[in-house]
Amino acid sequence: MEKIELSNVMSNGTPIKRKKSGMKPSDLFNPAGRFSRSEFIVASLSPVILALPVVLLGLLFGLTGFDKTGIIMLSLLCVLGGISGYVQIVALIKRLHDMGNSGWWATLLIVLIFFGIGLIGLIPLLVFPGQPKGQTRWG
């Protein structure tokens with residue numbers, strides 16, 4: 001008989017099957033599927049955290065100059081910015097899938113963020129839980 005921890009049992013004695021977070025780096029580039037709240041937060045913050053050393057190096061070496069180092073750092077920042085933006089859009093789409101919504105709603109949120117009022121639209125993505133697995137069209 002399988003040993004079940006008390007915290008993993010519902011009040012009626014049924015075991016709760018928890019999904020182990022198995023987020024792979026390739027999940028950050030494929031908009032198919034879904035992200036839980038915690039996966040959404042990790043996926044949204046990871047590009048920013050990974051770009052931080054490049055920004056600090058750019059500041060250290062004087063990013064404003066048009067010498068060889070400044071141009072290389074600026075180019076690297078542009079590439080990282082593009083990758084970061086794409087990863088964050090994919091995370092937004094996957095979180096919308098988890099909540100049972102189409103990823104096309106991300107377009108509206110991106111437009112609202114561009115005008116400075118879209119951050120309010122991100123609050124439900126961080127607060128409300130997703131729908132149970134199998135109850136959405138996205139898994």
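A residue counts as buried when its relative accessible area is under 20%, as exposed when it is over 50%, and as partly exposed in between. The structure described here is a predicted model.

**Helices H1 and H4**

- Helix H1 spans residues 37–60 and helix H4 spans residues 119–127; their axes come within 8 Å and cross at roughly 130°.
- The two helices, H1 and H4, are therefore oblique to each other.
- On the H1 side, the contact is made by Arg37, Phe40 and Ile41, while H4 contributes Leu125, Leu126 and Val127.
- Sorted by class, the contact of H1 with H4 has 5 nonpolar residues, 1 charged residue and no polar ones.

**Aromatic pairs**

- A pair of aromatic rings is described by the distance of the centres and the angle of the planes.
- The count of aromatic pairs comes to 2.
- One of the pairs joins phenylalanine 29 and tyrosine 86: the ring centres are 6.4 Å apart and the planes stand at 15°, so the pair is stacked.
- Phenylalanine 29 lies in the segment before H1, and tyrosine 86 lies in helix H2 (residues 68–98), so this pair ties together parts that are 57 residues apart in sequence.
- Phenylalanine 29 has a relative accessible area of 42% and is therefore partly exposed.
- Tyrosine 86, at 39% relative accessibility, also counts as partly exposed.
- Phenylalanine 114 and phenylalanine 115 form a pair with ring centres 5.4 Å apart and planes at 80°, so this pair is edge-to-face.
- Both phenylalanine 114 and phenylalanine 115 are exposed.

Key:
Residues numbered from 1 in each chain as written. Predicted model: local features only at pLDDT ≥ 70, side-chain atom pairs only at ≥ 80, totals over all residues. Heavy atoms only, no water. Axes fitted to C-alpha atoms, helices over the stretch in contact; angles between N-to-C directions. Helix = DSSP H or I, 4+ residues; strand = E, 2+ residues; numbered from the N terminus. Parallel < 35°, antiparallel > 145°, perpendicular 65-115°, else oblique. Contact = heavy atoms within 4.5 Å. Nonpolar A, V, L, I, M, F, W, Y, C, P; charged D, E, K, R; others polar. Phe/Tyr/Trp six-rings, centres within 6.5 Å; stacked < 30°, edge-to-face > 60°. Buried < 20%, exposed > 50% of the residue type's maximum accessible area, 1.4 Å probe, protein only.
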